[in-house]
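Let's take a walk through this one together, one chain at a time and then across the place where the chains meet. Have the viewer open and follow along.

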Amino acid sequence: MIANILINGLITGGTFAILALGFSLVFGVAKILNLAHTAFYMIAAFFIYTTSVNLGLPLAFSAVLAVLFTGLLGMVCYKVLLDRVKKHETAVMIISLAVGMLFQELLLIIFSGAYRRVPPFIPGFTELLGVRVSYQHLLAIVVSGFILLGIWALMSKTRLGKAVRAVAEDYEIANVMGINVSWICTLTNGISAGLAGVAGAVVAPLYMVQPYMWMHPLIMVLAAVVLGGLGSAKGSVIAALILGFAETLVIFLVPGGSFLRGAISLCVMVVVLMLRPEGLFGVVFEEERL
Amino acid sequence: MRSGVNQSSRFNRWVLTVFGVSLVAVFLFSAAEVLAKPTVKFGVITTTKYPITTHQWWGAQMAAEEINAAGGVNIGGVSHDIDLIKAESNELASVTDAANAMEKLLTVDKVAAVTGGLRGEAVLAMMELMADHKKIFISSGSGSKETSEKVAENYDRYKYYFRNTYINTVYMGKIQFALLDITAAKVREVLGIKTPKVALLIEQAMWGNVQIEVAKKLLPEMGLEIVGVWRPSPHTTDVTAELTAIKSAGAHMIFTGMTGPGGPVVSGQWGQLQIPATLSGYNAFGSWEGTWKATGGMCAYEITYDAYAHDVAITPKTIPFMEKYIQKYGQKPLFVAGAYDALYIWKEAVERAGTIDADKVVAELEKTDYIATYGRVVFHPQGHQFPHDVIWGPGYMTTVGFQWRDGKQICVWPNGEALFPALSTDPGWKGLKYQGTQDVQLPPWMVEYWKSKK
């Protein structure tokens with residue numbers, strides 16, 4: 001059972017981590033709680049389905065196109081809808097949620113509610129410590145690791161990363177220093193949406209592609225980001241793993257309550273936040289607000 | 001003076017012309033109204049947001065078109081065309097929305113009768129409105145026994161409710177256990193396992209609670225051992241952990257009960273990971289024809305049931321109906337397409353009653369003995385435990401147990417054998433086998449796994 005919990009916890013947490021990373025990035029930089037984040041993941045999944053299954057394009061090529069498409073869409077949505085209201089958190093949340101629902105309804109009209117499947121990059125499965133794991137799940141874990149490394153490299157080794165960090169620390173000073181804050185925020189949103197696109201490519205083959213697929217991950221992503229500390233990419237990954245393990249523990253220790261897996265992992269988040277309100281790796285809220 | 005007279009007469013001519021044209025128009029419109037064939041409104045309450053429920057509308061639509069093409073419904077000697085009114089219930093997400101949709105059908109659209117409904121909780125809410133407004137409601141989707149039990153509790157209030165399909169959850173449970181029984185027999189035959197181990201994977205929903213209670217009593221009697229109970233959400237998107245837990249528990253068989261969108265997730269991930277256990281039971285979304293494509297064929301060897309299976313002639317009407325339905329809608333009908341028969345059943349009752357007056361139609365509906373596309377429809381009478389429910393059993397509605405193989409739903413039950421005594425002692429099951437019925441096959445990976453363990 002320990003091997004099962006370990007492997008399944010890693011798998012579940014890894015898939016949450018991919019989605020949480022992009023969300024954490026845009027919040028850390030642009031201070032935007034973009035509730036449409038997982039809707040971009042859904043759009044990427046449909047894009048890949050349409051191009052690879054319906055149009056017959058190679059899967060890898062479809063995935064690259066999906067990432068570029070969602071990145072561009074993220075930039076457009078931010079520039080048109082959110083840039084002007086970014087200082088009003090409530091407006092941002094409502095608008096971004098509305099955007100997510102709009103995408104859902106549009107996809108429902110175009111594709112109906114029928115389930116579809118994106119083929120996996122690597123079909124088949126293997127056994128680790130006696131536990132059956134699909135290759136696609138392993139790919140999801142590896143990709144989340146690469147994304148984390150990639151974000152670290154981008155932020156610490158590139159001029160763009162320095163500009164992004166400057167904007168994240170202080171909008172006004174960064175603006176005074178000649179950094180185009182609006183452009184940095186737009187680009188960051190594009191990168192975040194692109195990361196959601198990567199999640200769509202890697203995670204979507206594990207589930208069914210349908211217009212409601214963005215709602216459940218949104219709750220878990222919010223939980224991971226809040227638990228990890230708003231704006232901390234490292235925190236988001238660790239929190240995603242904690243939530244993944246919490247869910248897995250429920251399934252193995254209380255199988256009759258597996259429908260409560262989501263609720264219990266959120267309770268874990270609440271307990272941690274009560275002890276440490278800023279999250280595991282976040283700064284204290286008051287400092288954040290100043 | 002002369003020009004004034006001319007103007008005046010031109011004006012008068014203009015007024016007379018307009019007046020004359022108006023009179024003719026009024027006459028023509030009135031004549032059209034009088035000469036137009038009278039219609040009777042029939043409501044279909046369903047949600048087209050999911051692939052399986054769309055069939056409910058399609059079935060009703062096809063019936064209405066056929067009935068109208070054949071002359072309509074004869075109500076008291078006057079032919080009426082059916083005017084089908086669709087109401088989006090959104091019931092899988094919101095019972096309140098479903099109740100509001102029903103209210104609109106009854107109070108705004110003023111339909112004479114309604115068919116539809118799928119989710120038990122929503123149908124119960126719809127029944128209250130049906131009772132308040134005294135309108136016929138022929139449920140053609142939900143299997144919750146609680147709806148018929150309401151009729152038994154308060155017949156005078158709820159007598160307007162009938163269920164032509166699906167069979168209720170008590171009967172559904174019996175079919176699931178029957179499928180489990182024939183699968184267990186195959187496990188014993190092929191693998192030589194005397195007491196196969198069973199994992200219960202049943203969604204967290206009202207109807208599932210009863211299933212589990214019954215399973216705990218019945219499975220030991222059937223010579224099966226329960227190794228665990230897993231209750232995922234009906235809307236689950238991932239059951240990988242549950243499936244690996246089931247494999248670790250050493251289960252040879254998985255007994256499923258999924259009516260929500262999580263159904264294809266279960267069968268898809270079970271096939272993807274090649275969990276070495278059979279998968280049988282009920283998967284509502286899994287009986288949709290598109291499941292094969294949606295799971296990439298990963299649902300192969302899953303066993304579930306529906307009112308219809310490919311190429312299985314349950315009654316003389318089954319195959320012609322399925323062929324026409326597939327030609328029109330491009331898919332094999334699902335059980336909710338029984339809304340087709342709901343319209344015909346209502347039509348015949350109304351024609352016998354000579355009116356759409358609900359109380360008189362109820363009396364005629366209770367006399368229904370109708371050969372439908374999925375079996376013979378006779379309703380349990382008042383006084384029965386489930387009044388106004390379609391009778392399940394040999395000679396009535398049986399449903400068809402099928403196994404997914406090579407993209408087709410192959411009939412595996414009824415298989416001509418008597419049912420396990422606790423399920424039914426009706427001798428009619430012995431010898432009942434539809435043409436095209438084949439034996440259950442175990443998934444090859446399962447056979448390989450367990451044979452290697454010996």
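Start at the N terminus of chain A and read off its elements: they run α-α-α-α-β-β-α-α-α-α-α-α-α-α. That comes to 12 helices and two strands, where helices (H or I, at least four residues) and strands (E, at least two) are DSSP runs, numbered from the N terminus. A quick word on what you're looking at: this is a predicted model, in which local features need pLDDT of at least 70 and side-chain atom pairs count only at pLDDT 80 or more, while totals for chains, interfaces and linings use all residues. Residues are numbered from 1 along each chain as its sequence is written, and chains are lettered from A and ligands numbered from 1 in the order in which they are written.

How does chain A fill space? Its radius of gyration is 19 Å, close to the 19 Å that the globule rule gives for 290 residues, so chain A is as compact as a globular protein of that length. (The radius is taken over C-alpha atoms, and the rule is 2.2 Å times the number of residues to the power 0.38.) Along the principal axes, the C-alpha atoms of chain A fill a box of roughly 55 × 50 × 35 Å. Of the 290 residues in chain A, 52% are buried; a residue is buried if 20 or more other C-beta atoms lie within 10 Å of its own, exposed if 12 or fewer, and partly exposed in between, with C-beta atoms placed from the backbone. Among the contacts in chain A with a separation of 6 or more, 74% are between residues 24 or more positions apart. Two residues are in contact here if their C-beta atoms, placed from the backbone, lie within 7 Å.

A:Gly161 is partly exposed, with 15 other C-beta atoms within 10 Å. Leaving aside neighbours within four places in sequence, A:Gly161 is in contact with A:Leu154, A:Met155 and A:Ser156. A:Leu222 is 61 residues away along the chain, and its C-alpha atom is separated from that of A:Gly161 by 24 Å.

Now hop over to chain B, which has 15 helices and 15 strands. Its C-alpha trace spans about 120 × 45 × 40 Å along its principal axes. Buried residues make up 52% of its 454 residues. Of the contacts in chain B between residues at least 6 apart in sequence, 71% join residues at least 24 apart.

Look for the open sheet of six strands in chain B, ordered β2-β3-β1-β4-β5-β6, with mixed pairing; two strands pair if DSSP finds at least two bridges between them. At the edges stand β2 (73-75) and β6 (161-163) of chain B, each with a single partner strand, so one side of each is left without a neighbour in the sheet. Neighbouring strands of this sheet are turned by 30° against each other on average, direction ignored. Axes here are lines fitted to C-alpha atoms, for helices over the stretch in contact, and angles run from 0 to 180 degrees between N-to-C directions.

Further along, strand β9 (residues 253-258) of chain B pairs with β10(B) in the parallel sense over six bridges. B:Gly257 stands opposite B:Tyr282 in β10(B). Strand β10 (residues 278-283) of chain B is mostly covered, with six of its six residues buried.

Next comes a hairpin: β14(B) and β15(B) have two residues between them, and B:Asp406 in the turn has a positive phi of about 50°. Five bridges join strand β14 (residues 400-405) of chain B to β15(B), and the two run antiparallel. Five of the six residues of β15(B) (residues 408-413) are buried, so this strand is largely enclosed by the rest of the structure.

Finally, where do the chains meet? 30 residues of chain A are in contact with 29 residues of chain B. On the chain A side, α1(A) gives the most, with four residues.
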